[in-house]
Amino acid sequence: ALRCRVRRVAGAALAATARRLPYFEHHQELRDATAALEQRFGATPDGAPEDQDVTLHAVASHVSGGGIVDRSGAPVDPSALAGKIVLVYFSAHWCPPCQQFTPKLVRFYEEMGRQHAEHLEVVFVSNDRSAGEFEEYFGSMPWLAVPYEREAVRSTLARSFKVRALPTLLAFAPSGALLTREG
């Protein structure tokens, strides 16, 4: 059941992302997958009711002041996420479904980065058990993260977005509106 849930959430988030980027306009397979997801779930992310308290602005308010870092550990201003599709990825090194999904998300992110880096960003929110696990796992990711030592921020984000299982991938539109919270 968890595996199906992960696939459904990831599929919806990636389909929502694909629908918004011009790179995918010529890829019939992705358009077909997007249409199938919309038909199965009954609504497009654009048509989903907007949850006013769950926006990218809410994420940014939690991570201001060094709450996001790049792979080198340098702080990233949350305003750098403005105008992008942002995927917030809750995951952990010890989680087998996460270990299976992360490489797929990395491939997607790298492919998008070659064409549309200015349109997409991923922020990793760790549920690892130690700083060492976090460092090892984050080392395999090409995107941003909430630092491991920011436990209060990581916990607040997980609670705010009602994260109950790993992996969970939230997708936010460039406007900051939540596209999907399933997961």
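Is Y89 buried or exposed, and what is its relative accessible area? In this predicted model, Y89 is buried, with a relative accessible area of 0%, where buried stands for under 20% relative accessible area, exposed for over 50% and partly exposed for values in between (1.4 Å probe, protein chains only). Because the model is predicted, local features need pLDDT of at least 70 and side-chain atom pairs count only at pLDDT 80 or more, while totals for chains, interfaces and linings use all residues. Residues are numbered from 1 along each chain as its sequence is written, and side-chain values use heavy atoms, with hydrogens and water left out.

**View 1. The aromatic pair of Y89 and F124.** A search of the whole structure finds 10 aromatic pairs, a pair being two rings of Phe, Tyr or Trp (its six-membered ring) with centres within 6.5 Å, called stacked if the planes are under 30 degrees apart, edge-to-face if over 60 and tilted otherwise. Y89 and F124 form a tilted pair, at 6.4 Å centre to centre and with 45 degrees between the planes. Y89 belongs to strand 1 (residues 85–91) and F124 to strand 2 (residues 120–126), so the pair ties together parts that are 35 residues apart in sequence; strands (E, at least two residues) and helices (H or I, at least four) are DSSP runs, numbered from the N terminus. F124 is also buried, at 0% relative accessibility.

**View 2. The aromatic pair of F161 and F172.** The rings of F161 and F172 are arranged edge-to-face, 5.9 Å centre to centre with 70 degrees between the planes. F161 lies in the loop between helix 6 (151–160) and strand 4 (168–172), and F172 in strand 4, so this pair ties together parts that are 11 residues apart in sequence. F161 is buried at a relative accessible area of 4%, and F172 is buried at 0%.

**View 3. The buried residues of helix 5.** In helix 5 (residues 131–138), the residues F134, Y137 and F138 are buried. Seen down the helix axis, the buried residues fall within an arc of 90 degrees, so they line one face of helix 5, the arc being that of the directions from the axis to the C-beta atoms. Strand 1, helix 4, strand 2 and strand 3 (144–145) are included in what covers these buried residues, with contact taken as heavy atoms within 4.5 Å. F134, Y137 and F138 are also among the residues that ring pairs link into a cluster, together with others including Y89 and F124.
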